[in-house]
Amino acid sequence: MANYFNVKENPRKAYAGLILIGLIAVAFPFIAANFGNSWVRIMNFALLYIMLALGLNIVVGFAGLLDLGYIAFYALGAYMVGLLASPQFAVVLESFVNEYPLVGNSLVWLFGEEIAKNGIHLSVWFIVPLAAAFAALFGILLGLPVLKLRGDYLAIVTLGFGEIIRIFMNNLNAPVNITNGPQGINLIDPIRIFGVSLAGESGSNATVHIGSFSMPSVNAYYFLFLALCIGTIFVSVRVQNSRLGRAWVAIREDEIAAKAMGINTRNMKLLAFAMGASFGGIAGAMFASFQGFVSPESFSITESIAIVAMVVLGGMGHIPGVILGGLLLAALPELLRHTVEPVQLALFGKILIEAEVLRQLLYGLALVLIMLYRPSGLWPAPRHEDRPDADVDKPEKATGVVAA
């Protein structure tokens with residue numbers, strides 16, 4: 001299967017396969033619209049999860065650093081949009097005025113009465129680079145204390161980091177209300193492109209009008225997320241085939257040997273954490289703008305483990321495999337939700353197993369079977385992606401002449 005996407009060995013098959021997938025991706029929302037907008041919405045979330053899986057693949061797949069707290073960067077990007085593109089900042093200033101009048105009045109004077117009344121409503125496209133940089137900074141802060149850890153110890157520390165961020169988001173509503181606690185932040189501004197709201201203008205029934213052309217809001221978000229996903233794939237491929245990507249693979253295979261060959265393993269690890277985290281921050285910003293609401297419940301440890309499962313299930317270090325794993329684990333649970341219960345009602349007249357329970361059972365069963373029969377994932381990386389062909393030892397033909 002890998003040959004169909006190997007541009008170097010089979011360029012004709014590779015480009016034909018990519019064009020076919022592109023046509024299917026573009027046509028999907030128009031076909032799925034005949035069965036309701038919910039299917040396009042499912043694919044929107046699947047595309048966001050693919051972006052997250054590709055970001056985590058840099059840390060886990062390329063550099064070999066097991067990160068169980070990756071969902072924290074997703075949360076940081078989402079909450080940054082929540083603070084800077086909603087009325088929430090006005091609530092923050094009001095809390096400062098009530099609790100610390102001197103600080104609060106200074107902030108009100110600094111930001112102005114309009115922001116103190118209505119909050120900050122920056123463009124999402126201005127916030128996205130900030131979210132990427134902010135998440136990358138926290139990725140470096142996470143990486144610094146865990147540079148010498150590997151395996152289970154690294155997993156435990158990153159797991160704790162993810163939970164710390166979620167608990168902070170859940171409790172930063174007192175004494176100063178920053179995140180609105182468990183109630184979350186709502187009324188987040190939708191994404192606008194050239195002045196056109198992707199959520200549709202008020203009274204448009206969630207329909208986006210571009211001249212004489214119109215489409216449902218979920219379709220507009222779908223094409224945006226698809227474009228961002230393609231951009232993420234492009235960056236991942238370029239990084240994988242660069243000296244940086246090969247340095248990460250060298251660290252993953254043998255850190256001591258990589259250090260002996262002159263690779264600065266400390267900086268390479270920090271860069272892996274930062275780059276992977278920035279992808280998570282961008283995906284989080286898109287999630288908040290799409291939903292219009294964020295709360296700590298969306299960033300639980302279950303979500304973080306699900307993203308790790310996408311990378312492991314698809315094939316660590318192999319970009320097409322990670323995309324496959326993300327698509328399967330993000331979309332199939334929702335498909336089950338739409339099909340399992342109606343089928344049970346039709347066959348038995350009642351629901352024997354709820355969709356959520358069956359989802360967890362299939363998650364566990366799929367991971368067990370994959371680890372038993374496909375330990376490298378459903379679509380593992382070809383060996384040539386791990387190291388250049390020139391480095392592979394190839395026995396020479398016997399000539400009967402002993403070398404001097």
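Analyst: Rings of Phe, Tyr and Trp (its six-membered ring) form a pair if their centres lie within 6.5 Å, and planes under 30 degrees apart count as stacked, over 60 as edge-to-face and the rest as tilted. This is a predicted model, in which local features need pLDDT of at least 70 and side-chain atom pairs count only at pLDDT 80 or more, while totals for chains, interfaces and linings use all residues. Residues are numbered from 1 along each chain as its sequence is written, and side-chain values use heavy atoms, without hydrogens and water.

User: How many aromatic pairs does this rule give?

Analyst: The count comes to 18 aromatic pairs. With centres 5.0 Å apart and planes at 70°, Phe89 and Phe111 are edge-to-face. Phe89 lies in helix H4 (residues 88-99) and Phe111 in helix H5 (residues 101-111), so this pair ties together parts 22 residues apart in sequence; helices here are DSSP runs (H or I, at least four residues), numbered from the N terminus.

User: Which residues do ring pairs link into a cluster?

Analyst: The cluster joins Phe45, Tyr74, Tyr79, Tyr221, Phe225, Phe287, Phe290 and Phe299.

User: At what angle do the axes of H2 and H9 cross?

Analyst: Axes are lines fitted to C-alpha atoms over the stretch in contact, with angles from 0 to 180 degrees between N-to-C directions. Those of H2 (residues 38-62) and H9 (residues 217-240) come within 9 Å and cross at roughly 15°. The two helices are therefore roughly parallel, a term for angles under 35 degrees.

Terms used: Angles under 35 degrees count as roughly parallel, over 145 as roughly antiparallel, 65 to 115 as roughly perpendicular and the rest as oblique.
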